[in-house]
Amino acid sequence: MMRLVNPRLALPVLSLAVLVAAVFWLQPRAMSYVGINLLFNLAVPIALATVAQMIIIMVNDIDLSMGAFVSLVACITASVLPVNPALGVAMLVGCVLAYAALGALIEIRQLPAIVVTLGMSFVWGGAAVLILPSPGGTSPAWLTAIMKSKPPLVPMAIIASVLIAAVAHLLVMRSGFGVRLRALGGNARAVSRAGRSTIRLRAMAYGLAGIFAVLAGMALVGLTTSGDANIALRYTLLSIAGVILGGGEFTGGRVSPVGAVIGALTLTLAGSFLSFLRLSPDWQIGAQGAILILVLAARLVVRQAEKRA
Amino acid sequence: MAAQIKDTGAHSAPVVVLEGASKRFGALKALDGVDLSIAPGECLGLVGHNGAGKSTLVNLITGLFEPSDGRVAYPGAHDPRGAGIRAISQEGMLCPNLTALENLQVVQRDLTGAGWRKRAGERIRSQLDRIFPGHRIRPETPVLDLTLAEQQMVEIAIGFAEGEAPARLVVLDEPTSSLDAAIAAQLLAHIRRFCANGGAVIFISHMMGEIFEVASRIVVMRDGRSIADRPAAAFTRQGLVDAMGHVAEDGHQPSPAALARTLGDKSHPILRTPEGIEARKGEIVGLAGLAGHGQAEALARFYLSQSSDWRATPAPAAVFVAGDRRRDGLMPIWSIRRNLTLAALATLTRRGLIDRAAEARVGADWQKRIGIRTPDMSNPILSLSGGNQQKALFARALATTAPVVVMDDPMRGVDIGTKTEVYDMIRAEAANGRTFLWYSTEMDEIRNCDRVFVFRNGVISAELEGNRITEENVLAASFELGEDVA
């Protein structure tokens with residue numbers, strides 16, 4: 001049985017297409033280079049954070065500190081990196097290493113990731129306030145130049161999203177390294193029976209997630225040109241929702257990087273769609289939740305139909 | 001493959017040597033001073049009960065455990081991996097979220113760099129073609145989309161697949177437990193070829209027929225010791241079973257107990273499924289045929305139609321005994337007692353709360369009746385051996401008042417001693433008026449039934465009763481004449 005299109009991807013793609021069509025119908029002017037860029041450019045950091053979350057979920061954990069961590073990275077990028085690049089880079093590398101160390105700790109002590117990351121979210125949040133007590137700072141010029149560049153024909157936001165999806169797909173789905181990380185989520189016993197260190201693998205998974213989360217924080221500062229200790233707190237839930245929306249499962253190492261990026265785009269677009277509907281902001285969060293439930297319900301129906309077939 | 005093995009050295013040098021190898025877990029001596037040497041070209045049949053030390057012995061050979069005493073050596077290599085020692089475990093060691101070829105990547109070290117997928121796919125496909133000609137498995141299919149039998153085939157192929165260090169000793173622990181007869185025969189033929197070309201195999205099975213078909217030498221284990229080590233020809237089936245400490249019943253006749261027992265009202269079936277399965281009160285009804293021909297599905301459909309998705313009742317119409325313990329049966333982090341009382345919980349509650357004293361009583365009662373070997377029923381369920389876990393699952397079903405017990409090949413990989421005890425239990429319960437629907441892949445179990453429905457391609461191809469339940473009749477109904485069953 002040859003499958004040309006992964007059926008797990010059909011639903012995320014379809015929901016994104018429906019939403020794009022609805023937005024264009026409500027607001028035909030969005031159907032332009034500038035419009036598309038405006039609709040999607042805030043999706044780039046969310047997509048990166050979603051991929052980071054996906055890597056954690058892939059090894060059967062969940063990261064409740066994603067938003068706080070991305071905020072911390074944003075503070076470092078906005079306040080330290082422009083002034084003292086060497087120190088800034090060292091701090092960001094330190095953040096990635098701290099993530100890897102967390103992964104190792106979780107595996108060695110067999111701790112529940114949900115507790116460890118929830119605790120760490122306060123640590124990241126505190127560190128962010130220490131580094132940048134009040135909102136402000138500036139984005140390094142090169143970062144803004146990249147994030148706000150205007151390549152011909154296709155807007156930056158689309159190029160960046162495709163690039164993120166492609167890199168994550170190659171890394172996670174195609175490379176031997178990614179296979180071993182997914183194996184950890186699928187059957188950790190089999191991995192250790194094969195003589196591989198689960199501690200090393202989990203540390204690597206967390207380290208890789210840390211790299212994507214750092215990129216998310218940097219991309220966010222490149223767009224907003226300033227930092228804030230609370231700038232990305234909602235990324236925690238957005239990233240989890242994005243992974244699930246993109247066809248990922250909470251357990252068993254079954255994830256889709258392309259789906260995760262599409263999920264992040266869908267969630268971002270859902271916000272714009274509701275604004276175009278002139279829905280009062282008070283209702284928007286609830287309506288966003290309703291869209292999420294709708295898509296997930298559709299997914300269940302599709303799964304059951306598949307099972308019956 | 002033959003060439004690869006011949007250049008590894010003379011047939012005289014053994015692949016692995018154990019000298020007085022012992023392994024203790026706390027106070028328990030799982031392995032007690034075993035001397036064993038396995039030479040290239042040998043097929044060693046390893047038999048013994050659960051808990052006799054077979055798995056511990058295998059784990060020492062594969063290097064998963066270090067011996068507490070004694071020595072395990074691999075002449076000509078530093079470690080088990082370099083010595084070409086592979087193991088296929090009973091529990092299923094595949095990652096279900098990965099494809100077959102990706103699973104190979106997890107165990108092999110030299111599949112790196114550009115084009116590793118192509119090489120891995122080639123290794124899996126060529127090995128599957130060699131062992132199971134006519135298989136229809138694609139290496140790019142995720143394992144969770146494969147049937148249980150196909151998963152086992154992939155695992156076996158990974159064990160034999162060529163790699164950095166060629167396979168020189170492959171340990172097969174109950175490799176045919178999910179395979180039907182035709183596929184199992186292909187595997188046995190492959191083992192014989194592999195050994196003829198200088199490979200060595202350790203073959204663990206509770207099916208005596210398979211052991212005698214492939215083994216050149218048989219080691220019998222009991223209580224952590226190797227109590228007999230002789231060429232296979234020096235054993236008889238009866239002698240082998242006797243050596244393990246259990247007397248096997250003469251299985252060539254339908255069990256006398258089943259024949260002698262007076263059945264309930266013969267004219268009124270108490271259940272009838274859309275497939276045509278019928279059963280009367282107090283009857284043991286078997287579902288036979290080749291594995292994967294719709295028996296499990298028929299049982300699941302029947303069971304689900306009898307039970308509610310929404311609430312548990314104190315008097316369920318049917319209960320289910322799982323064969324795939326990990327997937328359908330165990331609550332892995334619960335205690336033995338909680339696992340046992342799960343199905344009967346509705347009878348153990350008072351004002352919405354569980355009556356702990358009643359629960360403990362039920363637990364203790366069934367521990368005694370079915371013989372669960374544990375010092376304390378509040379130990380975690382995973383502390384039990386596989387056979388005892390299965391007993392706990394049986395007790396879970398029998399502790400209810402349900403008149404119908406549905407069993408989905410529950411004896412997979414369970415030792416003969418446990419089996420005999422559970423068979424007796426089933427007969428006693430049937431005599432008390434319970435009806436059993438029993439899907440089994442093993443002929444010995446089918447002979448325990450009063451009536452047997454043989455499945456082929458998802459439909460019933462024969463209904464056998466009483467002394468018409470013979471291996472010949474079941475086989476004749478299982479196979480389609482003139483068609484390639486492989």
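Colleague: How do you know that the span of helix 8 (residues 156-174) of chain A agrees with its 19 residues?

Modeller: The expected span of a helix is 1.5 Å times one less than its number of residues. For helix 8 of chain A that should give 27 Å, and the end C-alpha atoms are 26 Å apart, so the two agree. Please keep in mind that this is a predicted model, where local features need pLDDT of at least 70 and side-chain atom pairs count only at pLDDT 80 or more, while totals for chains, interfaces and linings use all residues. Residues are numbered from 1 along each chain as its sequence is written, and chains are lettered from A and ligands numbered from 1 in the order in which they are written.

Colleague: What makes something a helix or a strand here?

Modeller: Both are DSSP runs numbered from the N terminus: helices are H or I with at least four residues, strands are E with at least two. Chain B comes to 17 helices and 19 strands.

Colleague: Why is G33(B) called partly exposed?

Modeller: A residue is buried if 20 or more other C-beta atoms lie within 10 Å of its own, exposed if 12 or fewer, and partly exposed in between, with C-beta atoms placed from the backbone. G33(B) has 15 such neighbours, so it counts as partly exposed. You will find G33(B) in strand 2 (residues 28-38) of chain B.

Colleague: Which residues of helix 8 of chain A are buried?

Modeller: Among them are A157(A), I158(A), I164(A) and V172(A). Their cover includes helix 2 (33-40), helix 3 (43-58), helix 9 (176-186) and helix 13 (257-276) of chain A.

Colleague: What makes two residues a contact?

Modeller: Their C-beta atoms, placed from the backbone, lie within 7 Å. By that rule, and not counting residues up to four places away in sequence, G33(B) touches G20(B), S22(B) and G70(B).

Colleague: How many residues does each chain bring to the contact between chain A and chain B?

Modeller: Chain A gives 16 residues and chain B gives 15. Helix 9 of chain A supplies the largest share of chain A's side, seven residues. That side divides into five nonpolar, seven polar and four charged residues. Here Ala, Val, Leu, Ile, Met, Phe, Trp, Tyr, Cys and Pro count as nonpolar, Asp, Glu, Lys and Arg as charged, and the others, Gly among them, as polar.

Colleague: Which domains does chain B have, and what joins domain 2 to domain 3?

Modeller: The bounds come from an automatic or database domain assignment. They are domain 1 (2-244), domain 2 (251-317 + 402-486) and domain 3 (335-400). Between the last two, 15 residues of domain 2 are in contact with 13 residues of domain 3 of chain B. Helix 15 (residues 416-431) of chain B gives the most to domain 2's side, with five residues.
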